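Please have the structure open while I talk.

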Amino acid sequence: MKNEFVDKRKHKRHIVPEDVIAVYQDRVGRVIDISEGGMRIKLIDSSESIAGESIATFYCSITNTKIKAFSLKLIREENINYSRFASLSTKTVGAEFKNPNDSHLDQIRRYISELSSAP
């Protein structure tokens, strides 16, 4: 029996450079990957819960990309605790773009295109 992982995602994920951040529910996090359907963000967490939907902003200093005020819907949340620092943990959040307008979709596609063409 084959034990192969089959990715059933509608949109291809693109790994982003380390300096890409998102502000999500008043928390700054590092964007890990992005697709036309959503993004994964690593947040420093204070163990507060995250709401199901929120407005976010995306920044990339390398390409000077800033996508403001788009809506994200929480899909997955994973907590990672650090035993040496009981109060410190990270939270990885998977979120899909919720009803993006044409401007947001154009900006996301343009950013992904720049990622795909980077050396």
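Which residues in α1 are buried? Before I answer, please note that this is a predicted model, in which local features need pLDDT of at least 70 and side-chain atom pairs count only at pLDDT 80 or more, while totals for chains, interfaces and linings use all residues. Residues are numbered from 1 along each chain as its sequence is written, and side-chain values use heavy atoms, with hydrogens and water left out.

The buried residues of α1 are H104, L105, Q107, I108, Y111, I112 and L115, where buried means under 20% relative accessible area and exposed over 50%, with partly exposed in between, for a 1.4 Å probe and protein chains only. They lie on the same side of α1, because they cover an arc of only 165° around the axis, the arc being that of the directions from the helix axis to the C-beta atoms. Helices here are DSSP runs of H or I with at least four residues, and strands are runs of E with at least two, numbered from the N terminus.

A22 stands opposite F58 in β5, whereas V23 stands opposite V28 in β3. The covered face of β2 holds V20, A22 and Y24, and the uncovered one I21 and V23. Between β2 and β3, which form a hairpin, there are two residues, and Q25 in the turn has a positive phi of about 50°.

Finally, the largest nonpolar core has 24 residues, of which Y24, I34, M39, F58, F70, L72 and Y111 touch the most other members; such a core is a set of buried Ala, Val, Leu, Ile, Met, Phe, Trp, Tyr and Cys residues joined through side-chain atoms within 4.5 Å. Among the elements that give two or more residues to this core are β2, β3, β5 and α1.

Methods. Two strands pair if DSSP finds at least two bridges between them.
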